[in-house]
Amino acid sequence: MKTLIIYGTTQGQTRKIARFMEDVLEDMGNKATIADASDEPPAPDDYDAVLIGGSIHIHKYQSSVTHYISQHVAALNQMPGAFYSVCLAVASGLEEEHHEAEKIATDFLAQTGWKPLMVTHIAGALKYTQYDFLKRLIMKMISKREGRTTDTSQDYEFTDWDAVKEFIHEFARNAVLSKLPWTKNQMEISG
Ligand SMILES: Cc1cc2nc3c(=O)[nH]c(=O)nc-3n(C[C@H](O)[C@H](O)[C@H](O)COP(=O)(O)O)c2cc1C
(Lines give C-alpha, C1' and ligand atoms only; values in the text may rest on other atoms or scores of the structure.)
Protein backbone atom coordinates (compact mmCIF):
# COMPACT_ATOMS: atom_id res chain seq x y z
CA MET A 1 0.00 0.00 0.00
CA LYS A 2 1.38 3.42 -1.02
CA THR A 3 0.48 5.99 1.61
CA LEU A 4 0.89 9.75 1.43
CA ILE A 5 1.44 11.55 4.74
CA ILE A 6 0.79 15.30 4.70
CA TYR A 7 1.45 17.51 7.72
CA GLY A 8 1.21 21.12 8.83
CA THR A 9 3.43 22.22 11.68
CA THR A 10 4.46 25.40 13.49
CA GLN A 11 7.00 24.20 16.07
CA GLY A 12 7.86 20.83 14.52
CA GLN A 13 5.99 18.29 16.70
CA THR A 14 3.51 17.33 13.94
CA ARG A 15 6.45 16.76 11.56
CA LYS A 16 8.01 14.46 14.17
CA ILE A 17 4.70 12.58 14.46
CA ALA A 18 4.38 12.33 10.66
CA ARG A 19 7.93 10.89 10.44
CA PHE A 20 7.10 8.36 13.14
CA MET A 21 3.96 7.33 11.17
CA GLU A 22 6.15 6.91 8.08
CA ASP A 23 8.51 4.59 10.02
CA VAL A 24 5.61 2.54 11.39
CA LEU A 25 4.10 2.10 7.91
CA GLU A 26 7.46 1.12 6.40
CA ASP A 27 8.12 -1.37 9.21
CA MET A 28 4.80 -2.96 8.21
CA GLY A 29 6.06 -3.31 4.61
CA ASN A 30 4.18 -0.33 3.16
CA LYS A 31 5.59 2.51 1.08
CA ALA A 32 5.12 5.96 2.60
CA THR A 33 5.79 9.44 1.25
CA ILE A 34 5.84 12.37 3.64
CA ALA A 35 5.33 16.03 2.69
CA ASP A 36 4.87 19.41 4.36
CA ALA A 37 1.52 20.91 3.29
CA SER A 38 3.27 24.26 2.79
CA ASP A 39 6.02 22.88 0.55
CA GLU A 40 4.41 21.91 -2.79
CA PRO A 41 3.09 18.56 -1.55
CA PRO A 42 2.14 15.91 -4.16
CA ALA A 43 -1.53 15.39 -5.08
CA PRO A 44 -3.12 12.33 -3.45
CA ASP A 45 -4.18 10.77 -6.79
CA ASP A 46 -1.19 8.40 -7.19
CA TYR A 47 -1.53 6.94 -3.69
CA ASP A 48 -3.66 4.16 -2.16
CA ALA A 49 -4.25 5.94 1.16
CA VAL A 50 -3.63 9.30 2.78
CA LEU A 51 -2.95 10.61 6.29
CA ILE A 52 -3.31 14.38 6.77
CA GLY A 53 -2.59 16.21 10.01
CA GLY A 54 -2.04 19.62 11.51
CA SER A 55 -1.59 21.19 14.91
CA ILE A 56 -3.99 23.54 16.67
CA HIS A 57 -2.83 27.08 17.37
CA ILE A 58 -5.45 29.37 18.91
CA HIS A 59 -8.24 27.01 17.78
CA LYS A 60 -7.02 26.76 14.16
CA TYR A 61 -4.97 24.41 12.00
CA GLN A 62 -2.26 25.64 9.61
CA SER A 63 -3.81 27.33 6.55
CA SER A 64 -1.63 25.13 4.29
CA VAL A 65 -3.51 22.06 5.61
CA THR A 66 -6.89 23.71 4.97
CA HIS A 67 -5.73 24.66 1.50
CA TYR A 68 -4.45 21.14 0.66
CA ILE A 69 -7.67 19.45 1.76
CA SER A 70 -9.91 21.98 -0.01
CA GLN A 71 -7.89 21.69 -3.22
CA HIS A 72 -8.05 17.86 -3.28
CA VAL A 73 -11.32 17.14 -1.48
CA ALA A 74 -12.93 15.28 -4.42
CA ALA A 75 -9.97 12.84 -4.70
CA LEU A 76 -9.67 12.53 -0.90
CA ASN A 77 -13.29 11.47 -0.57
CA GLN A 78 -12.66 8.61 -3.03
CA MET A 79 -9.80 7.04 -1.07
CA PRO A 80 -9.15 5.73 2.45
CA GLY A 81 -7.87 8.57 4.60
CA ALA A 82 -7.37 9.68 8.17
CA PHE A 83 -7.07 13.07 9.80
CA TYR A 84 -4.71 13.44 12.78
CA SER A 85 -5.09 16.48 14.97
CA VAL A 86 -2.21 17.50 17.24
CA CYS A 87 -2.78 19.78 20.24
CA LEU A 88 -2.28 20.11 23.98
CA ALA A 89 -5.95 20.03 25.00
CA VAL A 90 -6.04 16.22 24.71
CA ALA A 91 -3.26 16.00 27.32
CA SER A 92 -5.37 18.04 29.73
CA GLY A 93 -7.10 16.51 32.74
CA LEU A 94 -10.15 18.69 32.02
CA GLU A 95 -12.90 16.89 30.08
CA GLU A 96 -14.19 20.11 28.51
CA GLU A 97 -10.76 20.66 26.93
CA HIS A 98 -11.09 17.28 25.15
CA HIS A 99 -14.56 18.22 23.87
CA GLU A 100 -13.22 21.54 22.64
CA ALA A 101 -10.41 19.82 20.69
CA GLU A 102 -12.88 17.35 19.18
CA LYS A 103 -15.22 20.18 18.17
CA ILE A 104 -12.37 22.07 16.46
CA ALA A 105 -11.54 18.98 14.36
CA THR A 106 -15.21 18.16 13.59
CA ASP A 107 -15.97 21.75 12.53
CA PHE A 108 -12.79 21.89 10.46
CA LEU A 109 -13.62 18.71 8.55
CA ALA A 110 -17.24 19.83 8.00
CA GLN A 111 -15.95 23.12 6.64
CA THR A 112 -13.57 21.43 4.17
CA GLY A 113 -16.05 18.71 3.14
CA TRP A 114 -13.50 15.91 3.67
CA LYS A 115 -14.95 12.71 5.16
CA PRO A 116 -11.96 10.64 6.30
CA LEU A 117 -12.41 7.04 7.44
CA MET A 118 -10.77 7.85 10.76
CA VAL A 119 -9.91 10.84 12.94
CA THR A 120 -7.46 10.80 15.84
CA HIS A 121 -6.37 13.33 18.46
CA ILE A 122 -2.71 13.27 19.44
CA ALA A 123 -1.11 15.14 22.32
CA GLY A 124 1.68 17.44 21.14
CA ALA A 125 4.46 19.22 22.96
CA LEU A 126 5.14 22.33 24.99
CA LYS A 127 8.21 23.88 23.42
CA TYR A 128 8.93 26.68 25.87
CA THR A 129 12.49 27.12 24.58
CA GLN A 130 11.25 27.81 21.02
CA TYR A 131 8.61 30.40 21.90
CA ASP A 132 9.18 34.13 21.85
CA PHE A 133 8.57 36.08 25.05
CA LEU A 134 4.83 36.61 24.48
CA LYS A 135 4.09 33.02 23.42
CA ARG A 136 6.06 31.69 26.40
CA LEU A 137 4.04 33.89 28.73
CA ILE A 138 0.70 32.80 27.20
CA MET A 139 1.64 29.12 27.22
CA LYS A 140 2.87 29.42 30.83
CA MET A 141 -0.48 30.95 31.86
CA ILE A 142 -2.47 28.23 30.05
CA SER A 143 -0.24 25.56 31.59
CA LYS A 144 -0.75 26.95 35.07
CA ARG A 145 -4.53 26.90 34.58
CA GLU A 146 -4.41 23.29 33.41
CA GLY A 147 -2.00 22.10 36.07
CA ARG A 148 0.90 21.55 33.67
CA THR A 149 4.51 22.46 34.35
CA THR A 150 5.46 26.15 34.28
CA ASP A 151 9.23 25.58 34.34
CA THR A 152 10.07 27.25 31.03
CA SER A 153 13.73 26.25 31.03
CA GLN A 154 12.98 23.11 29.02
CA ASP A 155 10.53 21.54 26.54
CA TYR A 156 7.94 18.87 27.37
CA GLU A 157 6.58 16.18 25.06
CA PHE A 158 3.14 14.65 25.74
CA THR A 159 2.82 12.50 22.60
CA ASP A 160 1.82 8.90 23.34
CA TRP A 161 3.93 7.10 20.72
CA ASP A 162 2.40 3.67 21.44
CA ALA A 163 -1.09 5.10 20.78
CA VAL A 164 0.12 6.65 17.50
CA LYS A 165 1.58 3.28 16.45
CA GLU A 166 -1.66 1.50 17.32
CA PHE A 167 -3.65 4.06 15.34
CA ILE A 168 -1.46 3.51 12.25
CA HIS A 169 -1.89 -0.27 12.49
CA GLU A 170 -5.67 0.16 12.70
CA PHE A 171 -5.67 2.66 9.83
CA ALA A 172 -3.65 0.30 7.61
CA ARG A 173 -6.13 -2.53 8.32
CA ASN A 174 -9.14 -0.29 7.58
CA ALA A 175 -7.54 1.14 4.44
CA VAL A 176 -7.00 -2.35 3.01
CA LEU A 177 -10.53 -3.43 3.98
CA SER A 178 -12.11 -0.32 2.44
CA LYS A 179 -10.50 -1.20 -0.91
CA LEU A 180 -12.25 -4.58 -1.09
CA PRO A 181 -15.44 -4.10 -3.15
CA TRP A 182 -17.71 -6.06 -0.80
CA THR A 183 -16.37 -4.29 2.31
CA LYS A 184 -16.66 -0.89 0.60
CA ASN A 185 -20.34 -1.54 -0.13
CA GLN A 186 -20.85 -2.68 3.45
CA MET A 187 -19.17 0.51 4.76
CA GLU A 188 -21.37 2.68 2.54
CA ILE A 189 -24.56 0.89 3.67
CA SER A 190 -23.67 1.12 7.35
CA GLY A 191 -22.11 4.48 7.23
C1 LIG B 1 0.67 30.14 20.38
C2 LIG B 1 0.12 28.75 20.61
C3 LIG B 1 -1.25 28.54 20.59
C4 LIG B 1 -1.77 27.25 20.84
N5 LIG B 1 -3.12 27.09 20.83
C6 LIG B 1 -3.64 25.87 21.17
C7 LIG B 1 -5.05 25.69 21.22
O8 LIG B 1 -5.85 26.58 20.93
N9 LIG B 1 -5.50 24.47 21.63
C10 LIG B 1 -4.64 23.45 21.96
O11 LIG B 1 -5.11 22.39 22.35
N12 LIG B 1 -3.30 23.58 21.84
C13 LIG B 1 -2.78 24.76 21.47
N14 LIG B 1 -1.42 24.93 21.37
C15 LIG B 1 -0.54 23.77 21.60
C16 LIG B 1 -0.04 23.17 20.26
O17 LIG B 1 -1.09 22.58 19.52
C18 LIG B 1 1.03 22.11 20.57
O19 LIG B 1 2.14 22.78 21.13
C20 LIG B 1 1.47 21.29 19.38
O21 LIG B 1 2.39 20.30 19.82
C22 LIG B 1 2.08 22.14 18.29
O23 LIG B 1 2.42 21.31 17.21
P24 LIG B 1 3.51 21.77 16.12
O25 LIG B 1 4.85 21.76 16.82
O26 LIG B 1 3.43 20.72 15.07
O27 LIG B 1 3.10 23.11 15.64
C28 LIG B 1 -0.89 26.17 21.10
C29 LIG B 1 0.51 26.38 21.09
C30 LIG B 1 1.01 27.67 20.85
C31 LIG B 1 2.49 27.85 20.86
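This is a predicted model: local features need pLDDT of at least 70, side-chain atom pairs count only at pLDDT 80 or more; totals for chains, interfaces and linings use all residues.

Reader: How many residues surround the ligand, and which are the closest?

Author: The ligand is surrounded by 20 residues, and the closest are Thr 9, Thr 10, Thr 14, Ile 56 and Ala 125. A residue is near a molecule if one of its heavy atoms lies within 4 Å of it.

Reader: And what is the shell like by class?

Author: It has nine nonpolar, 10 polar and one charged residues. Here Ala, Val, Leu, Ile, Met, Phe, Trp, Tyr, Cys and Pro count as nonpolar, Asp, Glu, Lys and Arg as charged, and the others, Gly among them, as polar.

Reader: Which helices and strands each supply at least two residues of that shell?

Author: Those are α1 (13-27), β4 (81-87) and α4 (133-145). Helices (H or I, at least four residues) and strands (E, at least two) are DSSP runs, numbered from the N terminus.

Reader: Where do backbone atoms come up to the ligand's oxygen atoms?

Author: At Gln 11, a backbone N or O atom lies 3.0 Å from an oxygen atom of the ligand. For Gln 13, a polar backbone atom is 2.8 Å from a ligand oxygen, and for Ala 89 the distance from a backbone N or O atom is 2.9 Å.

Reader: How much of the ligand does the protein cover?

Author: The protein covers 91% of the 640 Å² of accessible area that the ligand has on its own. Such areas come from the Shrake-Rupley method with a 1.4 Å probe, and for residues only the protein chains shown count as cover.

Reader: New topic: where is Ile 58, and is it buried or exposed?

Author: Ile 58 sits in the loop between β3 (49-55) and α2 (63-76). It counts as exposed because its relative accessibility is 82%; buried means under 20% relative accessible area, exposed over 50%, and partly exposed in between (1.4 Å probe, protein chains only).

Reader: What about its phi?

Author: Phi of Ile 58 is near 45°, a positive value in a residue other than glycine. His 59 also has a positive phi, near 70°. His 59 lies in the loop between β3 and α2 and is exposed, with a relative accessible area of 53%.

Reader: And Lys 60?

Author: Lys 60 is in the loop between β3 and α2, exposed at 59% relative accessibility. Its C-alpha atom is separated by 9.0 Å from that of Ala 105, 45 residues apart along the chain.

Reader: Now Leu 126: why does it count as buried?

Author: Leu 126 is buried because its relative accessible area is 0%. This residue lies in strand β6 (residues 125-126), and its C-alpha atom is 5.7 Å from that of Asp 155, 29 residues apart along the chain.

Note on methods:
Residues are numbered from 1 along each chain as its sequence is written. Side-chain values use heavy atoms; hydrogens and water are left out. A polar contact is a pair of N or O atoms within 3.5 Å; within protein, one must be able to donate a hydrogen and the other to accept it, and residues adjacent in sequence count only if both atoms are side-chain atoms.
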